[in-house]
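The sequence and the model are shown first, and the description follows.

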Amino acid sequence: MRVYVPLTLPGLAEAYKAGELGREPFVAYAVTPALREWYLSDDIEELEYAALNRAALASLRLLAADPAAVRRRVVVAVDVPDGAATADPDRALDPAALGEVRVAGSVALAKAASVHVDSGDAEADVAAAAEALAAADGGDDDAQFVVDGAEDHELLWFATQEIPNLVGLGD
């Protein structure tokens, strides 16, 4: 199963130094039954893209909690055994938890398929979105518009061999 792990650049640097993602268990996003139902598509590429975007939103939440982090969303795509990622049935209908899974145990960073990171051009919009996130969660439509502005930026694709260069951005 492909899962998408939300991080920040400092979090990616930590994972690179440790050689692994997450501590047991850690949150990731995947194509879950609830995500399939919500997205109303059978196209696996569209569903994977939706899961990636859910992880990008979770990365934005990590940025909101870490004002010192470079304002770029980071998502690592990694394949895990099917039984390693499970969705919480109690949260399946919670819109905030669509696609959310818990991955049991750490995963070697060497198993990552790719890394997705905002370009430098997105930093201002991502910074504004991280700042507006709490208000958007509270129902402020103007703040939600700002948060949606970060989603207008596509995450760039990087090979895992490029991680050392990427984490240099987080220093």
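How many salt bridges does the structure hold? In this predicted model, there are four salt bridges.

| Pair | Closest N and O atoms |
|---|---|
| Asp79 and Arg2 | 2.8 Å |
| Arg72 and Glu123 | 2.7 Å |
| Asp118 and Arg73 | 2.7 Å |

**Salt bridges**

The salt bridge between Asp79 and Arg2 joins strand β4 to strand β1, so the pair ties together parts that are 77 residues apart in sequence. Asp79 is partly exposed, at a relative accessible area of 36%, and Arg2 is also partly exposed, at 29%.

Arg72 forms a salt bridge with Glu123; Arg72 is in the loop between α3 and β4, while Glu123 is in helix α4, 51 residues apart. Arg72 is buried, with a relative accessible area of 14%, whereas Glu123, at 27%, counts as partly exposed.

In the salt bridge of Asp118 with Arg73, Asp118 comes from the loop between β8 and α4 and Arg73 from the loop between α3 and β4, so parts that are 45 residues apart in sequence are tied together. Both Asp118 and Arg73 are buried.

Strand β1 pairs with β4 in the antiparallel sense over six bridges, and Arg2 stands opposite Asp79 in β4. Five of the six residues of β1 are buried, so this strand is largely enclosed by the rest of the structure.

In soluble globular proteins, nonpolar side chains tend to be buried together. The largest nonpolar core here has 29 residues, and Val3, Val5, Leu12, Leu21, Val76, Val103 and Val115 touch the most other members. At least two residues of this core are supplied by each of β1, α1, β3, β4, β6, β8 and α6. Helix α1 gives the largest share, four residues. Leaving aside residues up to four places away in sequence, Val5 touches several residues, among them Leu21, Phe26, Val27 and Val76.

**Helix α5**

Helix α5 spans residues 141-151, and its buried residues are Ala143, Val147, Gly149 and Ala150. The face turned away from the buried side carries the exposed residues Asp141, Asp142 and Phe145. At the N-terminal end, Asp140 caps α5, with a side-chain oxygen 2.8 Å from the backbone nitrogen of Asp142.

Note on methods:
Residues are numbered from 1 along each chain as its sequence is written. This is a predicted model: local features need pLDDT of at least 70, side-chain atom pairs count only at pLDDT 80 or more; totals for chains, interfaces and linings use all residues. Side-chain values use heavy atoms; hydrogens and water are left out. Buried means under 20% relative accessible area, exposed over 50%, partly exposed in between (1.4 Å probe, protein chains only). A polar contact is a pair of N or O atoms within 3.5 Å; within protein, one must be able to donate a hydrogen and the other to accept it, and residues adjacent in sequence count only if both atoms are side-chain atoms. A nonpolar core is a set of buried Ala, Val, Leu, Ile, Met, Phe, Trp, Tyr and Cys residues joined through side-chain atoms within 4.5 Å. Contact means heavy atoms within 4.5 Å. Two strands pair if DSSP finds at least two bridges between them. A salt bridge is a side-chain nitrogen of Lys or Arg within 4 Å of a carboxyl oxygen of Asp or Glu.
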